[in-house]
Amino acid sequence: MADAFNRFNTGGQYFYQPQHPRTLNHRNGSPISNSRGLFQPNTDTPSPNRSPGTHSPAHNPYAMYNHSNHRQNHLLSSGAGHNFQTQMGLHKGFQNQNHANNSHHMSGQTQDHGSVGHNSAFGNHQYSNSASNLTANTPHYAPTHLQNGNSDQSTMGGNSVSNEHWAEQKAEYGRLQKAGDKPHFYARNSPHVTRFPGASQSSITRSMDIEEHGERRRTLTASEEAEEAGSWDALDLGGHGLKSMGPSLFRHYPNLRKIYFNHNKLTWLPGEVGHMRNLTVLDLSFNKLDTLPAEVGMLTKLKKLLLYGNELRDLPYEIGSLYHLEVLGIAGNHMLRADYMERMREHGTKEFVRFLREQAPPPTPPNDREWIQLVDDADAEPEKFTVCSWNTLCDRAATQALYGYTPSGALTWEHRRGVILDELTHRNGDILTLQEIDIENYNEYFRPNLAAEDYKGIFFPKSRAQTMAEKESKMVDGCAIFYKNTKYILLDKQLIVFSREAITRPDMKGEHDVYNRVMPRDHIAVVALLESRVTGSRLIVVNTHLAWEGHFADVKVVQVAILLEQIAKLAETYSKWPPCKDKELFKYANEDRADGLPETPIVPAPSMKYDNALQIPLLICGDFNSLAESGVHELITSGSLAPNHKDLGTQTYGDFTRHGMSHPFALKSAYASGGHWPFTNYTPDFHEVIDYAWYSTNSLQVTALLGEVDPEYMRRVPGFPNWHFPSDHLALYVEFQVKSRKEARKAVEADFGSGSKQSSSSRH
């Protein structure tokens, strides 16, 4: 992923705000500090961070419809099964209305017989307050009283803390029990309903978000808005006597934020509930559930999961993934495990969720990713090589605060680095391009361990390391390139510091945006020129990691423009390099073989001659923190970018924003050859493609690649990292074939504007 991964800002604090994709936070992978910046949504959205989570405060569920700036939409059912009627708003008769049940008193006891060691003080309490009168203004039921406890409070001094935890449970349990089987209990207790004439709240909120965050999306028509599955924010099906819920409900309305199935006769919940990953409230109280599906762990945005008055005997460990959960209502489940009831009583929701997360056994490993052959392998003669590119998630970035859904054991660097090394050695790629490798772990772990597997490497940290003391700089991450020593000779290595190149361009001198926006970002690219020992062909390998922040979309475009400009200059230089004559200098020594086997004799081929820069095969890998609709993606794939592209905004960057940007290479993403690709970065609130392996199509061809993660495994995995995937990024693994000269395409001349020091006469 990106240099920082706070990608999980889930949006505003209103109850009926539709979920917008990629409203994310991002983490900052560079270890200058542990703080992670807020990611603003943009078309080049970077990898999500690792500190997902909505910043909206806890709300009183009984005042949930009282926002005057929102129209409440409800899907109300008149019967069991899948028959749902659409109600566009509540009738005014329901506004601030007192109901007949105001005078009803709770006659039943609310004792929890499944609890051990505690007697409920609420067992024989009689409630006289009407549920319809419970609003946010009721002091006793204010949101702060529904937090259900704080895990860091100790119970050593007495029972006051445990009583407080359980008192909140019992109070809410009693209120909901008294509601009985009245249909639409929550909707009927809405103080008022406000409608926007001619436009739904969904469209209004979307317009506000687009304007606020600068997102460019097509505006939906009125008919499209009405039919859009995500236009509903809440659904109240309480009190209808429903015996089952069709899976289609959960598949068709994945963007609902609140669902109320209370006071029905449900005996099971479909696993498809895991599709509703935007839910913040799920009320299943007073049904006949004796178990919950493991897929409930996918609902990582949940703040309230109410299971009062069911027949639960156990709870799935997957509830431990619900790291935003504030209220887990389990009172009234008389057959639930006594130790669970006791832990909830003593410590409350937060600690109980942490307990389940830490106690959960590792899930069953997924099936290995499929190796997809794209080209008939009948001809074994053409030169082939494999590449693995991976953002490994540096040690300093993998914290429990940022990855609250991950067990602490799976986040430890000792565990993760072992899984990373196992993956790299198992794939055994000819070339490895790794991002977020820090100085200490490159020198002390990866370089020595990969050397035993026939790898040599080059590494450069981000430029800030040059200004730091040695002890502090060891934690600065950067980019590494490893290559098989028995297959390749390293002819040259180069470091590209984007900020340094920007401020030295003549056309950018005096540009305030260069100094204020580009120069403070210390991102880099590493370049290696390799030559095959067997064939003599050469290959330019580039590894980079761009800025992650969405509001720095312009900076990412400038970084890529500078990168391509510098690669073009290097390729021009490399095309004139003489052949490597004394290859004995690069001969692999027998004593370095880890397995002690005799060296396979290699007859060095003469170095291949290149007439121009574009004939040299080119591979550009890395974490670009950019989506397919970004300016970065357009510049790389189309070869040019207009000076007024939306990602550049109002900033000025010399010739880049006067004349536009272009480059001479014909580049394509390797994974575009395999059709639709779901994600390269996977967290609860962000799963998009932001990592790429670009290749020059005139000189290289993709012949095979590693496929998607096991879909069945992914049904219960809310995000990476976990026990089996040590980074929130997925490793890309591709096989390439070097094309013969007759297949090479005609070169295209580059034009980087007058700021480039390279004259047009020197280009081919």
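This is a predicted model: local features need pLDDT of at least 70, side-chain atom pairs count only at pLDDT 80 or more; totals for chains, interfaces and linings use all residues.
In soluble globular proteins, nonpolar side chains tend to be buried together. Here the largest nonpolar core has 109 residues, and Phe 385, Ile 620 and Phe 736 have the most contacts inside it. Helix H14, which spans residues 553-574, gives the most to this core, contributing 13 residues. Returning to Phe 385, and leaving aside neighbours within four places in sequence, its contacts include Ile 431, Tyr 488, Leu 539, Leu 619, Leu 700 and Phe 736.

Helix H10 (residues 439-451) comes next. At its start, a side-chain oxygen of Asp 438 reaches to within 3.3 Å of the backbone nitrogen of Glu 440. Further along, the helix has a kink of about 30° at Tyr 445, shortly before the proline Pro 448. Tyr 445 is also one of the buried residues of H10, together with Ile 439, Asn 441, Tyr 442, Phe 446 and Leu 450. The elements covering these buried residues include helices H9 (413-427) and H11 (470-473), as well as strands S12 (431-438), S13 (455-461) and S14 (477-484).

Finally, two helices can be viewed as a pair. Two packed helices are described by the angle between their axes and the distance between the axes. For helix H6 (residues 338-347) and helix H7 (residues 349-359), the axes come within 7 Å and cross at roughly 135°. H6 and H7 are therefore oblique to each other. On the H6 side, the contact is made by Tyr 340, Arg 343, Met 344 and His 347, while H7 supplies Thr 349, Glu 351, Phe 352, Phe 355 and Leu 356.

How values were computed: Residues are numbered from 1 along each chain as its sequence is written. Side-chain values use heavy atoms; hydrogens and water are left out. The bend at a residue is the angle between axes fitted to the seven residues ending there and the seven starting there. Helices (H or I, at least four residues) and strands (E, at least two) are DSSP runs, numbered from the N terminus. Buried means under 20% relative accessible area, exposed over 50%, partly exposed in between (1.4 Å probe, protein chains only). Contact means heavy atoms within 4.5 Å. A polar contact is a pair of N or O atoms within 3.5 Å; within protein, one must be able to donate a hydrogen and the other to accept it, and residues adjacent in sequence count only if both atoms are side-chain atoms. A nonpolar core is a set of buried Ala, Val, Leu, Ile, Met, Phe, Trp, Tyr and Cys residues joined through side-chain atoms within 4.5 Å. Axes are lines fitted to C-alpha atoms, for helices over the stretch in contact, and angles run from 0 to 180 degrees between N-to-C directions. Angles under 35 degrees count as roughly parallel, over 145 as roughly antiparallel, 65 to 115 as roughly perpendicular and the rest as oblique.
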